[in-house]
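Visitor: I'd like to learn how to read aromatic contacts in a model. Could you walk me through some?

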Amino acid sequence: MPWDLLGLIDRGMDDKVMPPVERMLAERACERVIVDFIHRLDLGEPSSVAELFTPDGVWDWPFGDRRIEGREALRAYFASRPADRLSRRLMTNILVTVESEATARAVSYLTTYRVDGYSGGMIEPRLPANVGHYEDIFRKIDGVWLLASRTVFLPFGGGTERLPAAGASPA
């Protein structure tokens with residue numbers, strides 16, 4: 001056979017650490033956390049992303065001088081998003097590497113579309129506010145994969161545009 005399906009699934013990890021099917025389940029659980037994070041920010045309750053972190057979890061933005069540590073601080077940080085913010089994030093190229101039965105790492109790419117001052121309806125398309133990637137560290141606690149650390153790198157980015165107030169005349 002020209003290629004070995006088990007070899008594709010295995011990606012070179014020692015089966016003595018974790019059997020391939022268990023590793024795939026761990027990878028999928030971590031991928032789910034990555035996607036759930038984005039859904040909660042864009043479509044749910046932003047402060048609830050704190051639940052996806054370990055109790056001592058860290059969100060770090062090295063070039064934005066932001067480092068938030070611990071679930072309660074994370075909850076407060078993400079809850080402080082403006083109520084009139086409209087955002088949509090695209091997550092791609094999610095690559096999870098399981099290191100042990102209780103630890104994993106991931107890299108995923110993000111594109112963020114975002115405006116403040118949103119009052120409903122459809123708005124004209126904008127360029128992305130940010131394009132970059134996340135580097136994540138996961139820990140499995142009581143059978144659940146959680147973010148121990150999430151670091152965001154934004155080589156392309158800018159401020160958040162504020163839409164004109166409803167009924168305001170364009171300049």
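Guide: Here is a short tour of the ring contacts around one phenylalanine. This is a predicted model, where local features need pLDDT of at least 70, side-chain atom pairs count only at pLDDT 80 or more, and totals for chains, interfaces and linings use all residues. Residues are numbered from 1 along each chain as its sequence is written, and side-chain values use heavy atoms, with hydrogens and water left out.

Visitor: What describes a pair of aromatic rings?

Guide: The distance of the centres and the angle of the planes. Rings of Phe, Tyr and Trp (its six-membered ring) pair if their centres lie within 6.5 Å; planes under 30 degrees apart are stacked, over 60 edge-to-face, the rest tilted.

Visitor: How many aromatic pairs does that rule give?

Guide: Seven. Take Phe37 and Phe78: the centres are 5.8 Å apart and the planes at 90°, so this pair is edge-to-face. Phe37 sits in helix α2 (residues 20–43) and Phe78 in helix α3 (residues 71–79), so the pair ties together parts 41 residues apart in sequence. Helices here are DSSP runs (H or I, at least four residues), strands likewise (E, at least two), numbered from the N terminus.

Visitor: Which tyrosine pairs with Phe37?

Guide: Tyr134, edge-to-face at 6.1 Å centre to centre, with 70° between the planes. Tyr134 lies in strand β5 (residues 130–141), so its pairing with Phe37 in helix α2 links parts 97 residues apart in sequence.

Visitor: Is Tyr134 buried or exposed?

Guide: Buried, at 4% relative accessibility. Buried means under 20% relative accessible area, exposed over 50%, partly exposed in between (1.4 Å probe, protein chains only). Phe37 is buried too, at 1%.
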